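Please examine the structure shown below.

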Amino acid sequence: MKVEINFGKTIIFAKSHKHAEEIEKVFNLLYPQYNGEFARVIDNKVNYANTLIEQFENPKKYPQIAISVDMLDTGIDVPEVLNLVFFKPVKSKVKFWQMLGRGTRLCNNLFGEGIHKTQFYIFDCCNNFEFFEENEKGIETTLAEGLTEKIFNLKLDLIVELQNIDYQENKQFGEIRKQLIKEFLDAINMLNEESFIVKAKRGYVEKYSDINSWNTITGIEKFEIKNNLTPIFVITDIDESAKRFDNLIYSLQIRKLKRKNYNFQVNSIISLMNNLSELGTINQIKQKAEVIRDISKKEYWDNATFVEIEEIRVKLRELIKFIENPPRKIWNVDFEDTLIIDEEQINITGNNFEDYKKKVKNFLDGNMDNLVIYKIKHNQLLTELEKNDLERIMFEELGTNKEFIETFGDSNVIQAVRNIVGLDRETANKIFSKYINDNRLNSKQIQFVKILKDYIIENGIINLDKLVEMPFSKIGQVYDIFKDNLNTFNEIKEDIEHINENTIKLA
């Protein structure tokens, strides 16, 4: 009997390439009339994966079902997707929400004139929702994307976007693309070939150190670079403020090129410019006064060209370090410009405080470049004004004081934010590396310090009572571990107390 099937674009998240092939095989056995075109495996092991992605993005073409192994988990934008099938367990909460985001794109007139997409379906074959009910924060199996990695990923997005023929006809765009490619080649050349991490990626390092590999970057190659090269790049620029400004400008440029909403980026830049304006006695700032005044107006950004925005980045990035405190009005709560509304439709637990916590987390995820959140994540003290502004956001913009207390208990707003965003990895390394590299410590003591560092990176703060519980107790009781080195343990306790105190004290 011949059975016809008809449903919307669907992504099946498979565990491995072999698993994906088996799913495709079973589907083709059940529905041979589609000649193997309706459902296709899309990962970095299949030929012409980039072409398959383009066909999947086209609502009038097959495949209708994309069986993905990591490749479509993030980044792809197909508004017509109506079904997500989780055919693998996911432990990372961050990745899980990113995968859910593949279904949240709105799509007008999907079912006919005036009949829009209003929902999507999730088929959770591996009890992922139950896992996250029991493990609220999930288990992060990979390092969070660092600022250097984030900047290079944005540069890569620009390289890919600028290879479009519309931009290639403009000489300035061509020169900018060449410069971005040069920065990648320089970063590759700076890699330490003796590092075991670099050795593990040798194939990709050799491939993309050849400038000819950059003539046209396909979807597969973009995937390779983002997953194998940008995470291991080391940048010599130590000016974190300038790098955060680069990240902000590159994000704006990408969103303008893709004709996406860029209100958040513009509002953030205007806030920075207002803050620079208050430091007009500094010569370097005074010399750029005209530029600062011009770009402080919102209407400027609607007409600013890509090249003009790039010139602004180059001219002003070195000035951001003069900002000692963030501007008075630094927040942008614009839920219409996020995916919060779509993601809120997924009710995991059904109680109000979970909804409030989800709002807070989504707000923080969307404002990681904000200077106040940056300070909290990097163990820097806030001013009273900054704390008051943060409380206003928590108690008025995102919810109420009661919801905050029900969700975070006795924690203050700084502690609550730190607990969600964690402690910056580089900051933690600076604090704890002196113990890990201390030849006075034995292997068990060093292991304890490494577990402690990872815990604080994840959770932001730690109660000293936690040191006698899991995961620390799995290597022994803390006092037995350090009984022959109590002075060092007391130093570690002082560092822990300092980290915790910075969520209580004010500058």
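Lys91 lies over the face of Phe131, 4.2 Å from the ring centre; a charge counts as sitting over a ring if NZ of Lys or CZ of Arg is within 6 Å of the ring centre and within 35 degrees of the ring normal. Lys155 is likewise placed over the face of Phe152, at 4.6 Å from the ring centre. The model is predicted, so local features need pLDDT of at least 70 and side-chain atom pairs count only at pLDDT 80 or more, while totals for chains, interfaces and linings use all residues. Residues are numbered from 1 along each chain as its sequence is written, and side-chain values use heavy atoms, with hydrogens and water left out.

Phe131 also belongs to an aromatic cluster, together with Phe13, Phe86, Phe96, Trp97, Phe129 and Phe132. Across the whole structure, 27 aromatic pairs are found. Rings of Phe, Tyr and Trp (its six-membered ring) pair if their centres lie within 6.5 Å; planes under 30 degrees apart count as stacked, over 60 as edge-to-face and the rest as tilted. Why is the pair of Phe86 and Phe96 tilted? Their ring centres are 5.2 Å apart and their planes stand at 50 degrees, so the pair falls into that class. Phe86 is in strand β4 (residues 81-86) and Phe96 in helix α3 (residues 93-100), 10 residues apart; helices (H or I, at least four residues) and strands (E, at least two) are DSSP runs, numbered from the N terminus.

Phe86 is buried, at a relative accessible area of 0%, and Phe96 is buried at 1%. Buried means under 20% relative accessible area, exposed over 50%, and partly exposed in between (1.4 Å probe, protein chains only).

Another pair, Phe448 and Phe482, is edge-to-face, with 5.4 Å from centre to centre and 80 degrees between the planes. Phe448 lies in helix α24 (residues 443-459) and Phe482 in the loop between α25 (478-481) and α26 (486-501), so the pair ties together parts that are 34 residues apart in sequence.

In soluble globular proteins, nonpolar side chains tend to be buried together. A nonpolar core is a set of buried Ala, Val, Leu, Ile, Met, Phe, Trp, Tyr and Cys residues joined through side-chain atoms within 4.5 Å. Which members of the largest nonpolar core touch the most other members? Of its 40 residues, these are Ile67 and Phe86. Apart from this core lies another of 31 residues, among them Leu156 and Tyr208.

Overall, the protein has 26 helices and 5 strands, and 48% of its 507 residues count as buried.
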